[in-house]
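Trainee: Please take one part of this model for a close look, and then connect it to the rest.

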Amino acid sequence: MKKVLVANRGEIAVRIIRACRAEGLATVAVYSDADRREQHVRMADEAVALGGSSPTETYLAVAKLIAAAKSTGADAVHPGYGFVSQSAGFVDACAAAGLVFVGPPSEPMRLMGGKVEARRAMHAAGVPVVPGTLDPCRDAAHAREVCDGIGYPVMLKAVAGGGGKGIRKVTRSEEVAGAFDRAASEALSSFGNGEVYVEKCVLAPRHIEIQVLLDTHGGAVHLGERECSLQRRHQKIVEEAPSSWLPGATRAAMGEAALRAARAAGYVNAGTVEFLVDQEGNFYFLEMNTRLQVEHTVTEMVHGVDIVREQLRIAAGRPLSFSQADVRANGHAIEVRICAEDPEQGFFPSAGRIEHLELPGGPGVRLDVAVYEGQEITLFYDSMIGKLVVWGRDRDEALTRTCEALREFVVSGIRTTIPFTLRLLEQDAVREGRYDTGYLDANLARIVGHGTGRHRFAASVTAALVHRERARNAARAAAAVRGGQGGVPAWVALGRRSAMRGLE
Amino acid sequence: MKYRVTVDGEELSVELVERGGRTFVVRDGVEVAAELVLVRNGAYSLLLGVESLPVVASGTNDDLTLTLGSETWRTSVADERESLAAAAMGGGSAKRGSGLVRAVMPGIVREVMVRTGDAIVRGTPLLILEAMKMQNEVRADADGTVAEIHVKAGTAVAKGDPLVTLG
């Protein structure tokens, strides 16, 4: 393995190129029309245009990606996350083209991609799954019988469901029949499969996941847990390692269960086994992410391991560079996803040009970003523009440093989630580690609102000062255009006006 | 010069007093110096007395979003002349949510969640606009009532197209 094609964009493509450099591997970037100026294209040794801008004609276009690898003589492909990273078809296409796929084989990917199949396989392997049925219910009456047996509340889930479709929470026996019919018909019309199964509803759960690494020589390690309970509509916002709450015995049991899950699936390379953990510390298999995850960084920070580099070693057929006995957690790390979204407008994606950018620094601060001043943020791709990852000796230090870094982090020209996340981390419940996966949705309005409102007066003065500055600029520009009475040549005024870009 | 500023729905009067090349405002009965300098497009540094605050500003004077530290404020600002003109036009100073909500990006309306005549508060979801396969809630930015709905589920809209008129 000598040259790796990075089939992704943005911060994760940059991250993978760095790991390739550390391993002495040459790199090939691919890019869409919109991405010619992006950092991954400039950083890689070679770059190939895919043609087009939409994901389907670029970073999802399997044939184009394979052709780019062949034409540059790349012998491996790293998919990053998103795009083709969980496409078993892409894994098979790589194999057919003689390319090493930096990730798991296609069989475990397929197995873990099917909710009911994964559930059944994990149950058989002795990994705890959420109580419920392993097979679809025959009809509404059967579903009611099963639900009564499990106890309420329960979730009715479509076998082929996803994106919140074909899923119903049921709190009483009388509601089962109606919910069953609606879930089934929704799933049938959306996914062409109306099968529905039943799971117990885990109340106030925390989302805790285990990072695993398995090589082709039988080596297997788990790198402890990440807690990702701060979610907005199932989208992770903040992740940390270790969990603020998980008891040590549960941690060890989850690590073992995660490795059992990976081995049972025939898994190789880096993967993440996600669990729901209830208030009593019972944990249940949720799903396995068969790829590098966005939040792998916090695990790297507390374990001092370069996970992407290990992925490359494993893909090249080499053994892991360390064993379970070497794994030691040190300190605490927090990752904050920085998104080009406007929390004030329901987290609407915010497109535009990054006019001004100040990146934070200081002890323990790591930035996995691919942003620059003048960058155009388009609506073609995911709104996450980077990650702030902060390490501290303990959770308090990590949190304090994270908040300070967010205060230093200035982006103008587009709206970002930076001020919102800062307010989130300032909440007492977050400081004290008292939250579950429902916390953010339940408290969203209050957090999106304006915190203490300490700066209301300053905001009013700023608005007046901005108004005055704009009026003065406009007057100056107008005077210059009229014939230079303002002492400013017309071309300067013109430049100023275009720089204002309709802000007046 | 006096300015009428609304900060998150609350109407305030701000007077900027210029003296000796500096600007002053009155805070709790005490005059303090106020200085806003541009760092780079949209990014400013505010000194209020000796209190230092980084500021990011975006939008027009009618709809100016200001981020001061961790706080984000929706504001609008008009000078005395503009406020008088607006009053003369019959706009008065009613600061309920009135006006046109436009599409901030091209997309397809997936669902309209309000009906004409509905009373709404700031943050009420009005409709779902799908763009680049992402479903985005468009919310009311102030209290008011739904005066007119210009789209229905399935309507394809361009950037700037009217969606809902709030009265």
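Mentor: Start in chain B, where strand β15 (residues 144-149) and strand β17 (residues 162-166) run antiparallel and are joined by three bridges. Strands here are DSSP runs of E with at least two residues, helices are runs of H or I with at least four, and both are numbered from the N terminus; two strands pair if DSSP finds at least two bridges between them. Facing Thr165(B) of β17(B) is Glu148(B). The model is predicted, with local features requiring pLDDT of at least 70 and side-chain atom pairs pLDDT 80 or more, while totals for chains, interfaces and linings use all residues. Residues count from 1 along each chain as its sequence is written, and chains are lettered from A and ligands numbered from 1 in the order in which they are written.

The two strands belong to an open, antiparallel sheet of four strands in chain B, ordered β10-β17-β15-β12. Chain B as a whole holds one helix and 17 strands. Its C-alpha atoms fill a box of roughly 60 × 35 × 25 Å along the principal axes. Of its 167 residues, 29% are buried, that is, have 20 or more other C-beta atoms within 10 Å of their own, with 12 or fewer counting as exposed, values in between as partly exposed, and C-beta atoms placed from the backbone. Among chain B contacts (C-beta atoms, placed from the backbone, within 7 Å) with a separation of 6 or more, 43% link residues 24 or more positions apart.

Chain B also meets chain A, in a contact that takes 49 residues from chain B and 37 from chain A. On the chain A side, the elements giving two or more residues are β16 (348-349), β22 (410-412), α13 (418-426) and α16 (456-483). Of these, α16(A) gives the most, with 15 residues. By class, the chain A side has 17 nonpolar, eleven polar and nine charged residues; Ala, Val, Leu, Ile, Met, Phe, Trp, Tyr, Cys and Pro count as nonpolar, Asp, Glu, Lys and Arg as charged, and the others, Gly among them, as polar.

Chain A has an open sheet of its own, a parallel one of five strands in the order β3-β2-β1-β4-β5. Here β3 (46-49) and β5 (100-101) of chain A are the edge strands. Within the sheet, β1 (residues 3-6) and β4 (residues 76-78) of chain A pair in the parallel sense over three bridges, and Val4(A) has Ala76(A) as its bridge partner in β4(A). Helix α1 (residues 10-22) of chain A lies across β1, β2 (26-31) and β4 and runs at about 175 degrees to β1(A). Such angles run from 0 to 180 degrees between N-to-C directions of axes fitted to C-alpha atoms, for helices over the stretch in contact.

Beyond neighbours within four places in sequence, Leu5(A) touches residues including Val28(A), Val30(A) and Val77(A).

Strand β10 (residues 220-232) of chain A has ten of its 13 residues buried. On to β11 (residues 235-241) of chain A, β10(A) makes four antiparallel bridges, one of them between Arg232(A) and Gln235(A). The hairpin of β10(A) and β11(A) has two residues between the strands, and Arg233(A) takes a positive phi near 45 degrees.

Finally, the axes of helices α4 (residues 88-96) and α5 (residues 106-113) of chain A come within 9 Å and cross at roughly 170 degrees. They are therefore roughly antiparallel, the term for angles over 145 degrees, with under 35 roughly parallel, 65 to 115 roughly perpendicular and the rest oblique.

Technical notes:
Contact = placed C-beta atoms within 7 Å.
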